[in-house]
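Thanks for making time this morning.

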Amino acid sequence: MKKNKLVFMLSLVLVLALVVTGCASGSKNESGANNNEFRINLASEPPTLDPAQATDQVSFTVINAIYEGLTIIDENGNVQPGIAEKWDVSEDGKTYTFTIRSDAKWNNGDPITAHDFEFSWKRALDPKLVPKPSQYAYQMYYIEGAEAYNTGSGSVDDVKIKATDDHTLVVTLNAPTVYFESLLSTAIYFPVHQSVTENEAFAAAADTMITNGPFTMTEWKRNTSIVLEPSESYYARNDIKFAKVSFTMVNDSNSELNMYETGKLDYAGYPTGALPTDQFASLKEKYPNEFQIKGTASLYYYLINTTEAPFTNEKIRQALSLSIDRAAITEKVTLGGQIPAYGLVPPGIKGVEDEYRNEVDDNYFQEDLELAKQLLAEGLAEEGLTELPAFSLTFNTNELHQKVAEAVVDMWSNNLGVNAQIGNEEWGVFLDNRTAMNYQVARAGWGADYNDPISFIGLFTSKSGNNNTGYANVEYDALVSQVDQSTDAAERVRLMAEAEKMIIDSHSIIPIYYYSTVYLMKPDVKGVYVDYKGDVIFTRGYYEAEAE
Amino acid sequence: MVAYIPFFQHDMEVYKQLVRYVIKKILFMLLSLFVLASATFFLMKAIPGNPFQSEKNIPPAIQQMLMERYGFDQPLWKQYITYIGNLLQFDLGTSMKQQYVTVESVIKNGFAYSMQLGVLAILVSIVVGVLLGLVAALNHRKFLDGFTIFIAVLGVSIPNFVVASALQYIFGVQLRWFNVTGLYGPLDYVLPVIALSFLPTAFIARLTRSSMLEVLSADYIKTARSKGLSGRVILVKHALRNAILPVVTYVGPMTANIITGSVIVEQIFGIGGLGKDFVSSITNRDYTLIMGLTLFYAVILMIARLITDVAYGFVDPRIKLTGGKGGS
């Protein structure tokens with residue numbers, strides 16, 4: 001009896017101790033400010049940290065912090081000098097001469113030279129690159145000779161990238177490309193140390209990685225965590241305030257939110273993680289100073305297969321587009337601060353002076369039920385039909401896509417009496433079918449590759465591999481090639497607006513909304529932002545208390 | 001039939017039988033693995049898509065280079081022969097998505113977590129399950145019995161992701177007793193292990209209870225009681241030993257289930273186990289990883305089956321009667 005009592009008391013004490021310590025540690029670690037540590041979640045393991053090989057946002061998020069290109073993009077989407085302190089552009093807009101900072105260093109202390117860039121860019125274009133050719137090498141095809149070398153028909157010697165001395169890099173382009181400077185801030189143009197030829201697997205572990213960015217990777221536990229610390233040899237070391245950036249790898253939106261709420265994360269949500277969509281509204285109320293919505297330069301849209309009857313008929317396509325209540329979708333279905341879209345180019349993309357979308361209004365069409373009904377009737381009559389045959393709206397398996405598709409199909413049914421089915425497909429299957437034009441109406445999404453409207457306008461040329469609608473218009477192609485040849489900002493915007501109107505008026509695509517990025521961030525974190533294309537940038541972040 | 005064979009000779013016979021049985025099973029396993037490897041290979045190749053796909057299509061020339069680099073431009077039978085050839089040399093290859101990461105190291109890293117959690121969950125299930133079952137049986141038709149049955153029904157009917165989320169919310173977010181994710185210290189194992197062992201514990205409790213009830217009413221227990229043996233001796237030496245047999249046979253499939261089925265629990269608690277890789281490998285069309293993990297899981301399942309079969313042979317009442325008990 002006595003013994004039992006003792007055991008009972010002991011357990012009680014243990015449990016109490018647990019409760020007390022548990023509570024204490026919970027409230028102490030509310031923010032990473034104590035250790036000056038920024039903690040953020042990645043929904044998956046970065047498949048690679050070799051800038052020439054990366055293709056996904058998780059990899060880019062880490063790469064952007066540990067490498068730096070010739071230019072960087074600031075919070076407002078403007079190009080700023082990075083490893084290049086300045087550059088000159090020739091009169092014809094085709095030749096760029098970059099001057100590399102004399103104080104730029106790799107994290108092993110070696111100076112960064114123009115030769116490193118020549119080496120790295122040619123490496124990214126190398127068709128024999130191991131373990132595989134770069135998937136994003138085509139982002140370098142603007143450089144003279146690049147495409148020929150990359151596709152095996154030209155020599156590396158004809159690629160017009162030349163380091164004339166340690167600090168001067170001369171690059172010649174095929175055509176003037178006004179967004180080339182913006183492109184230089186993307187991973188494919190980042191430098192890698194020349195010693196990588198001895199160890200092509202350098203980017204697979206923290207201890208073999210030689211990088212040149214604001215941060216250095218100090219730890220990489222597969223599928224578990226990544227730790228970054230400021231690089232002591234970075235030229236702007238004093239601008240880097242976080243003592244540590246820690247990534248966890250949790251692929252569950254509820255768990256991520258729970259981590260944030262228990263003070264294990266300083267940033268939760270998109271683009272690297274996720275928050276439960278159904279809790280957006282309550283989170284906004286609960287954390288008014290922490291819940292953030294940032295418009296993102298990406299478009300959510302539906303493709304119409306214009307090669308298949310009856311969708312060959314423009315009026316029928318138009319009827320489908322005009323009968324969708326986009327505001328209802330963003331306000332009642334997606335709930336993440338998305339903006340109804342009536343154009344192709346999202347906000348956040350530069351125009352002449354301001355954002356393109358502010359300079360060129362996207363009022364190409366308006367939702368109009370009466371007109372939609374009338375157009376449908378006319379279109380059907382033209383096709384010799386009495387009613388629209390049942391068709392399917394296909395999307396890749398995803399809760400949000402499903403909700404949007406259900407809402408749209410419902411609107412078509414109620415507004416036009418049209419019978420459409422929704423069909424979800426596994427990602428790979430979906431992409432295959434879409435590329436093979438084996439669909440009727442399909443979901444699509446597009447994000448900016450660089451800060452210029454042509455990143456979107458260029459999609460619908462007849463040669464584009466991402467057109468997928470069957471839309472082919474010589475006038476459109478001509479406009480796009482005129483844009484490509486021009487260096488005059490105002491003229492380019494005018495031409496692009498003309499092209500945009502043309503593709504939207506053809507109703508080959510149904511724009512639904514412009515994306516937004518939703519996240520929670522602790523209120524004392526400053527200088528961390530989501531950029532125009534939806535990447536989270538934390539390299540210049542700091543904690544408020546520390547700055548005072 | 002075999003009752004008159006001298007004891008040692010009989011024992012040899014049993015072991016020979018056992019060895020023959022195991023060899024036969026292993027050969028059969030190898031054959032099954034081969035069939036499985038082939039079927040998975042062709043099924044995987046039959047699904048549309050490839051490892052280099054994304055929302056943004058890459059130019060056909062680059063796509064072509066990638067296909068050539070990995071030999072996907074070869075006829076399927078050639079790819080199959082290369083694959084089987086590598087397999088015979090125990091070469092599972094390198095992941096196509098995670099660069100320079102061998103399938104072997106993915107398995108090593110991931111399985112370490114799955115294994116730790118799995119073994120703990122199995123131990124917890126057996127100990128707690130048997131104890132609960134015992135308590136219930138000994139308190140037959142009393143409150144504790146009803147209560148245990150209630151818990152057991154709950155355990156069997158609530159899926160483990162609900163259990164995991166609920167545990168995380170109650171003990172992680174509300175009470176803050178544990179970290180919500182990660183495996184940083186011993187305490188972090190508590191919630192995932194409970195979530196993983198919830199169902200098997202309930203199942204074992206029910207198994208133990210019903211077989212215990214059956215055994216307790218058997219004649220030999222009544223005999224033992226009438227001989228005046230103490231309650232504890234009867235319970236441990238006679239009743240429990242026999243009542244636990246069905247539990248032993250369940251341990252095999254349970255082990256396989258827990259170790260291979262921890263996917264969702266690992267996801268919720270942010271544990272970098274093998275389940276995570278298995279699911280993503282399919283979405284990514286990471287062919288080498290799909291094949292490697294499928295085969296690995298198959299081997300685990302088959303070994304668990306084999307152990308169960310052998311254990312079953314050992315605890316089979318016939319062998320018990322003619323062998324073990326014959327001596328005493």
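Predicted model: local features only at pLDDT ≥ 70, side-chain atom pairs only at ≥ 80, totals over all residues.

Chain A as a whole has a mean pLDDT of 91, and 94% of its residues reach 70 or more.

Let me turn to the sheets of chain A. One of them is an open sheet of 4 strands, in the order β4-β5-β7-β6 of chain A, and the pairing is antiparallel. Its edges are formed by β4(A), residues 84-89, and β6(A), residues 161-165, each of which pairs on one side only. From one strand to the next, the twist averages 20°. If you look at β4(A) together with β5(A), which covers residues 95-100, you will find 5 bridges between them in the antiparallel sense, and within that pair D88(A) stands opposite T97(A) of β5(A).

Next, some backbone details in the loops of chain A. A cis peptide bond joins Y270(A) and P271(A), with omega about 5°, and P271(A) is found in the loop between β11(A), residues 267-269, and α7(A), residues 280-286. Another cis peptide bond joins A309(A) and P310(A), where omega is about 0°; P310(A) has its place in the loop between β12(A), residues 291-304, and α8(A), residues 314-322.

Positive phi values in residues other than glycine also deserve a look. For L335(A), phi is near 60°, and this residue sits in the loop between α9(A), residues 326-334, and β13(A), residues 339-340. For N468(A), phi is near 55°, in the loop between α14(A), residues 454-457, and α15(A), residues 474-485. Is L335(A) buried or partly exposed? It has 18 other C-beta atoms within 10 Å and is therefore partly exposed, whereas N468(A), with 23 C-beta neighbours inside 10 Å, counts as buried, the cut-off for buried being 20 or more.

Now to the contact between the chains, where 44 residues of chain B meet 46 residues of chain A. On the chain B side, the elements that give two or more residues are α2 (60-69), α4 (103-138), α6 (160-174), α11 (263-268) and α12 (274-283) of chain B. Which of these gives the most? That is α2(B), with 6 residues. By class, this side of chain B has 18 nonpolar, 19 polar and 7 charged residues.

Staying with α2(B), its buried residues are I62(B), M65(B) and L66(B). Seen down the axis of α2(B), these buried residues fall within an arc of 100°, so they line one face of the helix. After α2(B) comes G71(B), whose phi is positive, near 75°.

My last stop is P246(B), which has its place in helix α10(B), residues 245-260. With 16 C-beta neighbours inside 10 Å, P246(B) counts as partly exposed. Leaving aside neighbours within four places in sequence, P246(B) is in contact with L207(B) and S211(B). From P246(B) to D286(B), the separation is 40 residues in sequence and 40 Å in space, taken from C-alpha to C-alpha.

Technical notes: Residues numbered from 1 in each chain as written. Chains lettered and ligands numbered in written order. Pairing = 2+ DSSP bridges. Axes fitted to C-alpha atoms, helices over the stretch in contact; angles between N-to-C directions. Contact = placed C-beta atoms within 7 Å. Nonpolar A, V, L, I, M, F, W, Y, C, P; charged D, E, K, R; others polar. Buried ≥ 20, exposed ≤ 12 C-beta atoms within 10 Å, placed from the backbone. Arc of directions from axis to C-beta. pLDDT = per-residue confidence, 0-100.
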